[in-house]
Each structure stands twice: as structure tokens, then as C-alpha cells.
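Reader: Please take a close look with me at the salt bridges in this model, and at what surrounds them. I would enjoy one connected account, with the cut-offs spelled out as you go.

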Amino acid sequence: MRPKRLISLLAASVFLPVLVAGCGNDVPSGAVAKVDDSVIKKEEFDHWLQAAAQGQQPPGAGGAIVIPDPPDFTECIAAKKKQPAPPGSQKPTDDQLKSQCEQEYEALKQQVMQFLISAEWIEQEADARGIEVSDAEVQKQFEDQKKQSFPSEKQYQQFLKTSGQTEEDLLFRVKLDVLSTKVRDEIVQGTDEVTDDDIQKYYDDNKERFAQPERRDLNVVLTKTEAKANEAKQAIESGQSFKDVAKEFSIDQASKSQGGKLPAVAEGQQEKGFDDAIFSADKGELNGPVKTQFGWYVFEVTDVTPASQQSLDDAKETIRSLLKSQNEQQALDSFIKDFQDKYTKETQCADDYVVQECDNAKDEATSTGPASGGTPQVAPPQGAAPQGAVPPGVPPGVPQGAVPQGAPPQGAAPQGQPVPVPQG
């Protein structure tokens with residue numbers, strides 16, 4: 001099994017679907033895209049496409065890695081013909097196999113282009129803010145994660161072999177992760193300043209959120225018929241315990257297994273007729289039968305916990321944390337639109353490599369979107385994304401399209417799914 005922590009780290013970097021606008025294409029020959037004056041070369045695309053295709057291979061799969069080869073997909077079709085068909089299924093035609101190859105290529109192309117463009121965006125944004133990261137800083141974080149994830153050098157080398165990536169690739173991903181964290185930290189700087197007046201106002205405006213309603217503990221017996229309920233009530237009145245009577249008569253397995261106890265009932269949780277009876281009953285009084293859609297209840301209120309209001313002092317730190325989070329979200333939200341607009345306008349893609357991050361994507365939107373349709377995302381339809389090959393992930397509490405945040409949680413994401421990133 002592949003160690004999870006480092007795989008998660010290396011799989012999570014940026015998640016940048018964007019608005020599209022503009023036209024024109026001045027991408028130089030031998031390149032797939034251009035962000036401002038920085039060129040993304042075709043050889044970079046080919047390298048990461050190979051890694052993405054290799055990362056998509058299931059663990060233990062043998063044979064050579066075949067990358068879908070447009071426009072005819074000759075090698076891809078030939079490789080698929082060698083794959084055994086499921087029992088009882090018809091052998092697919094060449095056209096069907098070509099369609100599969102086309103879909104696979106589009107998914108891989110989307111991921112790789114979005115990764116390379118997003119990486120360029122992050123690096124340029126960091127540079128514009130004067131944010132730097134040293135080789136030593138990157139190396140230290142990489143070594144820390146490697147040590148946590150791989151008990152031995154042999155396991156690490158096996159990961160490199162199966163992932164299709166080099167150590168240089170992994171260091172590049174770690175660098176992006178560090179830069180992303182530093183950009184995010186700068187965006188949210190100062191958002192933790194919450195005054196006592198802010199806390200007081202939130203408390204006054206939301207007092208009901210800090211209130212606890214009256215709660216009542218009950219002994220109950222639920223029966224199918226009124227006659228059975230009366231029998232149960234008579235048994236209790238004759239001195240039998242609720243526990244014994246519930247065991248004999250009750251059809252409610254949950255309360256029956258607890259000796260007839262139904263604790264901490266708040267007003268409004270039960271069917272109205274039963275609810276009214278509960279909250280008009282005196283403590284220790286035997287009541288019922290009360291008809292409900294589930295049957296007939298006989299019950300007794302055994303304890304009453306009065307309604308309470310959490311004080312401002314008790315709620316203060318909870319409110320402070322909430323307002324900090326809200327401030328952070330607002331700061332990130334206000335950053336997103338300018339970030340997307342700025343870098344989309346500066347990004348041009350070669351005709352065969354247009355994705356939604358490209359300014360010239362408008363005319364290509366219907367043909368290059370992910371197979372699932374809808375808003376384009378880094379992660380393609382489930383099952384299509386190569387594990388550990390493309391950087392899905394989104395910062396905490398931030399809509400799709402924001403700058404990513406730091407190290408993701410332990411454990412790799414399921415294939416084709418975004419990697420969640422922890423608060424912090």
C-alpha cells in the first residue's frame with residue numbers, strides 16, 4: 001500500500017476553475033500555453049501527461065503505459081484491444097475504443113493543463129507579492145513528509161517508479177504548496193483581529209443560538225392499540241416497574257432496550273399531540289394513553305432540565321473563533337475575483353490545449369469541458385483522475401477558484417475526488 005501522507009501532499013496543490021473571456025492566441029511554437037511572458041513548453045506537458053497516465057494505472061498493473069495518442073489514437077486502440085472483455089459482454093468496435101481513448105485523453109489533458117497553468121499562476125502571484133521560498137525550506141518540508149510516509153528508501157523508490165514522477169517533480173509540488181500557503185497567509189493577515197464590541201454585537205444579534213430549551217426525561221411504553229396501552233398503564237399503577245412493563249408491552253425497540261427511558265426530549269421533537277402532553281404533564285405523574293401515528297403512549301416525566309441561556313462570557317471564545325473564520329472567508333472571497341480575472345486575461349493556450357483557465361477558451365468551452373459537464377474542475381469525472389498525478393484541493397471555507405492552502409490531511413483522496421484541506 002502506498003504511504004498516504006506524502007501522496008496526499010504531492011497530490012494537492014491548486015484548484016482553479018475560472019471565468020473565461022477574450023480571444024486571440026500568441027503562444028509560440030513548441031509551447032502549449034503562455035501566462036503573461038512565461039511560456040509552458042510542450043515538453044513539460046508531455047512529461048506530466050506521462051506521469052498522469054502512469055498514476056492512473058491501478059496498483060499492481062503490469063505492461064507498458066500507453067498514453068492516448070491523438071488524433072487517431074492508434075496505439076491506444078491497439079492496447080485496448082489486448083485487454084480482456086468482461087464475461088458476457090460484446091467486443092467493442094474500433095470506433096467505441098477510439099471514443100474511450102478520446103475521453104481519457106481529454107481528461108488527462110484537462111488535468112495536466114490546469115495543473116501547469118495553476119502552478120504558473122501561483123508562482124507569479126507569489127512573485128508579485130514578493131513572497132519567496134528557499135530551496136532549503138522546500139527540501140526540509142519534503143524530507144519531513146518523506147520520513148513520515150516512507151519507512152524505507154526502498155518504498156520511496158517504488159513510489160517514484162509507480163507514480164511516474166521524479167524527485168524533482170515532487171520538490172516542485174512541495175514548492176507550490178509552500179508558496180500557496182504563504183500567499184494565503186498574506187491574504188488573511190489581520191483577519192484574526194476581533195474586538196469585544198464585535199463579540200457583544202454578534203451575541204446580542206444571535207442570542208437564540210446560545211440558548212438551551214427545556215428538556216424532559218421520560219419513561220415510556222408504546223403499544224399498537226389503546227387496549228394494550230391501558231393494560232400497560234394498569235400494570236404500572238399496580239406497582240410493576242416501567243422497565244418490566246416496557247419489556248412486556250412496548251413496541252418501541254429503542255426505548256424498550258433502555259428500560260423504557262426516553263431522555264432529554266425538547267419541545268417540538270415529538271408528534272404534536274404527544275409533545276403537548278409531555279410538556280403539560282407534571283413530574284412523576286403517569287399519563288396516557290396518548291394516540292400518535294406510531295401507536296399509543298403511556299408515559300411519565302422523570303426529570304425536567306429548565307431552559308437556559310449561555311452567558312456572553314461562556315460564549316465569548318466560541319464567537320471569537322467564528323468571527324475570525326468569517327473574516328478570513330471574506331478576505332479570501334474578495335481576493336478570488338481579482339485573482340481569477342487577472343490571470344485568466346494573461347493566459348493564452350495553443351489551439352489544441354485550450355482549457356477553462358485560458359483567456360481564449362470562450363470559443364472552446366463546449367468542446368473542452370469535462371465529460372461530466374457543468375463547472376470545469378481540476379478533478380475530472382470519478383474514476384478518470386490518476387491518483388497522485390494532478391493537484392486537486394481547495395482551502396478551508398473558500399469557494400472553488402481560490403488560492404490553495406497548505407498541507408492536506410493524512411490519507412490520499414479517492415481517485416478522481418478533490419483532496420480536502422484542513423482548517424488552519
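**Salt bridges, pair by pair**

Author: Happy to. Let us start with Asp94, which forms a salt bridge with Lys81, their closest N and O atoms lying 3.1 Å apart. The pair links distant parts of the chain, 13 residues apart: Asp94 belongs to helix 4 (residues 94-128) and Lys81 to helix 3 (residues 74-81). The term salt bridge here means a side-chain nitrogen of Lys or Arg within 4 Å of a carboxyl oxygen of Asp or Glu. Helices are DSSP runs of H or I with at least four residues, numbered from the N terminus.

A word on the ground rules: this is a predicted model, in which local features need pLDDT of at least 70 and side-chain atom pairs count only at pLDDT 80 or more, while totals for chains, interfaces and linings use all residues. Residues are numbered from 1 along each chain as its sequence is written, and side-chain values use heavy atoms, leaving out hydrogens and water.

Buried means under 20%, exposed over 50%, and partly exposed in between, with a 1.4 Å probe and protein chains only.

Helix 4 also holds a pair of its own: Glu106 and Lys109 sit three residues apart, about one turn of the helix, and their closest N and O atoms are 3.4 Å apart in a salt bridge. Here Lys109 is buried at 4%, whereas Glu106 is partly exposed at 26%. Another pair joins Lys34 to Asp26, at 3.7 Å between the closest N and O atoms. Lys34 counts as buried at 18%, while Asp26, at 47%, is partly exposed.

The whole structure has 20 salt bridges, and some of them form a network that links Asp196, Lys316, Glu317 and Arg320. Asp196 lies in helix 8, and among the residues of helix 13 that meet helix 8 are Lys316 and Arg320 (contact means heavy atoms within 4.5 Å). The axes of helix 8 (residues 196-205) and helix 13 (residues 312-345) come within 9 Å and cross at roughly 105°. These axes are lines fitted to C-alpha atoms over the stretch in contact, with angles from 0 to 180 degrees between N-to-C directions. Helix 8 is therefore roughly perpendicular to helix 13, a label for angles of 65 to 115 degrees. By class, their contact has eight nonpolar, two polar and four charged residues. Asp, Glu, Lys and Arg count as charged; Ala, Val, Leu, Ile, Met, Phe, Trp, Tyr, Cys and Pro as nonpolar; the others, Gly among them, as polar.

Technical notes: Helices (H or I, at least four residues) and strands (E, at least two) are DSSP runs, numbered from the N terminus. Angles under 35 degrees count as roughly parallel, over 145 as roughly antiparallel, 65 to 115 as roughly perpendicular and the rest as oblique.
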